[in-house]
Each structure stands twice: as structure tokens, then as C-alpha cells.
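This report goes through one protein model, from its overall make-up down to single residues. Please keep the sequence and the coordinates open while reading.

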Amino acid sequence: MPKFKEEKTQRRYNALRKKEEEDVTKLFAQRYGIPYAALSVYSIDLDAVKILDESTSRSGEIVIIHATGKRIHTALHNPNKPETITILNRLKEQGYICDLFVVSRNSLEHAWEFYKKIREIRKMEAGMVEISHEKIQQLQGEFTDLEHIKQSILTAFSARTTEAL
């Protein structure tokens, strides 16, 4: 039973720490005159996230969360960090108009999770079927009608399903 109390206390402690971090970030944003955003409640656009690679995003503590044409919503942790300034300047050189938002470290961690989703999508894209010209010619000779094609696909799918099991 004491473990339950410890877990409950730990959850409350973690929640208080997150709230404190968000409150400090809000004050920091006010100090610099940059709007504050909590990314846990903000819709993040995967295509926008891809504008910066993950290592650049992490080193600069900056992530692009929305893009409409060349106008981007850019979430950053510290607008004075040299790496952040360099990244912002590079984006401006590329023609982007950056709307800045100050976010907590916790919000950045949330946004960085989207890079995992991007990697998963790329894996799925890598799993797409690519057929060489020679293979297409070979298959054209083997397939005589639509029913034959259907049977070949079902057989191949069945074989792969069995292999996976």
C-alpha cells in the first residue's frame, strides 16, 4: 500500500514541476515580448516539422510546428541561444517568415516526438513496391488475364502473411 502513495505523490510532484516549468516559460516569453505556446495543446503539422532535420532542431532547441507557404510558426526555447539565432537567420535567408513562440523544454520534447512519426512514415514509404522495367516485362508475359493477376497477388500476400507468423 505505501507504494501506491509514493506513486501518487510522484505523479503530483511531476505535475507540479511541469506547471512550474510552463509558468517560468510564460514569464520568460513576456520578458522577451514573444508569445508563449504550450505545444501539448497545439496542433503540430508533420510537414512543417520536416523543414528542419531533427539534429538541427535539437541543437537549436527550435522546431517548426506549422507552415503556410513561406510563413512558419517556429517554437523555440531560448531566443538568445546562438544556435537558435543561426538557425533562424538561415531560415530567413531561405525566404521563410518566422512567427516565433517561446515554449518550455517539455513542449519541445513533445514536438520532437513527431520526428519518430516522420521516421515511421519514411519506413512505410521505403516499403513501397518498386518494380524494374525488366520485371514488368517478365510479369506481362506471365499474366494472361485479370483473374490470373488476382490469384498471383493473393498467393503472394498469403505467403508473406505466413512468413510473418
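## Overall make-up

The model is predicted. The protein contains seven helices and three strands. Read from the N terminus, the order of elements is α-α-α-β-β-α-β-α-α-α.

Of the 165 residues in the protein, 26% are buried. The accessible surface amounts to about 11,900 Å², and carbon and sulfur atoms account for 56% of this area. When contacts between residues at least 6 apart in sequence are considered, 65% of them join residues at least 24 apart.

The three strands make an open sheet in the order 1-2-3, and the pairing is mixed. Strand 1 and strand 3 are the edge strands, each pairing on one side only. From one strand to the next, the twist averages 25 degrees.

Strand 1 and strand 2 are antiparallel and share six bridges; Ile-64 stands opposite Thr-74 of strand 2. These two strands form a hairpin with two residues between them, and Gly-69 in the turn has a positive phi of about 65 degrees. Strand 2 and strand 3, in turn, run parallel and are joined by six bridges. Ile-72 has Cys-98 in strand 3 as its bridge partner. In a regular strand, side chains alternate between the two faces of the sheet.

## The nonpolar core

Which residues have the most contacts inside the largest nonpolar core? They are Leu-39, Ile-44, Val-49, Leu-52, Val-63, Leu-91 and Tyr-115, in a core of 29 residues. At least two core residues come from each of helix 2 (46-49), strand 1 (62-68), strand 2 (71-76), helix 4 (82-93), strand 3 (97-102) and helix 5 (105-126). Helix 5 makes the largest contribution, with six residues.

Beyond residues up to four places away in sequence, Ile-44 touches Leu-39, Val-49, Ile-65, His-110, Ala-111 and Phe-114.

## An aromatic pair

The structure holds two aromatic pairs. One of them joins Tyr-42 and Phe-101, with 6.3 Å from centre to centre and 50 degrees between the planes, and the pair is tilted. Tyr-42 sits in the loop between helix 1 (2-32) and helix 2, while Phe-101 belongs to strand 3, so the pair ties together parts that are 59 residues apart in sequence.

Are the two partners buried or partly exposed? Tyr-42 is partly exposed because its relative accessible area is 26%, between the limits of 20% and 50%. Phe-101 counts as buried because its relative accessibility is 15%, which is under the 20% limit.

## Two glutamates

Glu-61 is located in the loop between helix 3 (54-60) and strand 1. With a relative accessibility of 13%, Glu-61 counts as buried. Phi of Glu-61 is near 45 degrees, a positive value in a residue other than glycine. What does Glu-61 touch, not counting residues up to four places away in sequence? The list is Ala-75, Leu-76, His-77, Lys-81, Arg-105, Leu-108 and Trp-112.

Glu-83 lies in helix 4. Its relative accessibility is 37%, so Glu-83 counts as partly exposed. Leaving aside neighbours within four places in sequence, Glu-83 is in contact with Ser-59 and Gly-60. Glu-83 and Ile-62 are 21 residues apart in sequence, and their C-alpha atoms are 9.2 Å apart in space.

How values were computed:
Residues are numbered from 1 along each chain as its sequence is written. This is a predicted model: local features need pLDDT of at least 70, side-chain atom pairs count only at pLDDT 80 or more; totals for chains, interfaces and linings use all residues. Side-chain values use heavy atoms; hydrogens and water are left out. A nonpolar core is a set of buried Ala, Val, Leu, Ile, Met, Phe, Trp, Tyr and Cys residues joined through side-chain atoms within 4.5 Å. Buried means under 20% relative accessible area, exposed over 50%, partly exposed in between (1.4 Å probe, protein chains only). Helices (H or I, at least four residues) and strands (E, at least two) are DSSP runs, numbered from the N terminus. Contact means heavy atoms within 4.5 Å. Two strands pair if DSSP finds at least two bridges between them. Axes are lines fitted to C-alpha atoms, for helices over the stretch in contact, and angles run from 0 to 180 degrees between N-to-C directions. Accessible areas come from the Shrake-Rupley method with a 1.4 Å probe; for residues, only the protein chains shown count as cover. Rings of Phe, Tyr and Trp (its six-membered ring) pair if their centres lie within 6.5 Å; planes under 30 degrees apart count as stacked, over 60 as edge-to-face and the rest as tilted.
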